[in-house]
Amino acid sequence: LGADLVGFHTWDYAGHFLASVRFLLGHDSSMGRIVTGDRVARVDVFPMGIDYERFAEAARKPEVTREIKTLDRSLGQRKVLLSVDRLDYTKGILRRLAVFALFLERHPEYREKLTYVLVVVPSRTMVAQYAQLKQQIDESVGAINGKYGTIHWVPISYMYRSVPFNSLMALYRRADVALVTPVRDGMNLVAKEYLASRTDKRGVLVLSETAGAAR
């Protein structure tokens, strides 16, 4: 409350903040304005966006087209599921892997017909909890690939690194389904980037209601 302006991605987040101020400090608000002594703190909503034109235009770049052709050579005619996340326990990566494993178990007819491309961008690598999460993801991917993989098919294509922009665009364009399923997230711009890149009006976005982008 020492700030003149406090910004949030969604009205829900702003509402939770105002409710917390009232519950913890006893300060009421009116039209997003909180009066504390001789000063006023204003609360407002500023959803974070993306440079739409950059993503829409990049989807048609020759270098992106070449990357897509390279993906096609390795993926063939298989359907592609894609997720791109920063390494964080809020992203729900382990739950997503568990669901994918359950899907392969219950629907064997889809084995060898799809590939899950899992991109995890390193984050907070010196923090013990994040190192443990990385290990759990590695083990889960290894277990699924070991159980269901064949000579001609690896269920999960796992990349633990940052992906160059053109390569990311190629993945967005090649993916039939994008999975944005955090347990809790601020906004999550991957959802917007994927849709902006799909100038072909194809592709499916599976978006968790707990991501700010869903608001």
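Analyst: Axes here are lines fitted to C-alpha atoms, for helices over the stretch in contact, and angles run from 0 to 180 degrees between N-to-C directions. The model is predicted. Two packed helices are described by the angle between their axes and the distance between the axes.

Take helix α6, residues 165–174, and helix α7, residues 190–197. Their axes come within 9 Å. They cross at roughly 75°. Angles of 65 to 115 degrees count as roughly perpendicular, so α6 is roughly perpendicular to α7.

Which residues in α6 and α7 meet? From α6 come Leu 168, Met 169, Tyr 172 and Arg 173. From α7 come Val 190, Glu 193, Tyr 194 and Ser 197. Sort the contact by class: five residues are nonpolar, one is polar and two are charged. Tyr counts as nonpolar in this sorting.

Now look at the loop between β8 (177–180) and α7. Asn 188 lies in that loop. Its phi is near 75°, a positive value in a residue other than glycine. Is Asn 188 buried or exposed? Asn 188 has a relative accessible area of 9%. Buried means under 20%, so Asn 188 is buried.

Met 31 sits in the loop between β2 (29–30) and β3 (33–36). Met 31 is exposed, with a relative accessible area of 79%.

Key
Residues numbered from 1 in each chain as written. Predicted model: local features only at pLDDT ≥ 70, side-chain atom pairs only at ≥ 80, totals over all residues. Heavy atoms only, no water. Helix = DSSP H or I, 4+ residues; strand = E, 2+ residues; numbered from the N terminus. Parallel < 35°, antiparallel > 145°, perpendicular 65-115°, else oblique. Contact = heavy atoms within 4.5 Å. Buried < 20%, exposed > 50% of the residue type's maximum accessible area, 1.4 Å probe, protein only.
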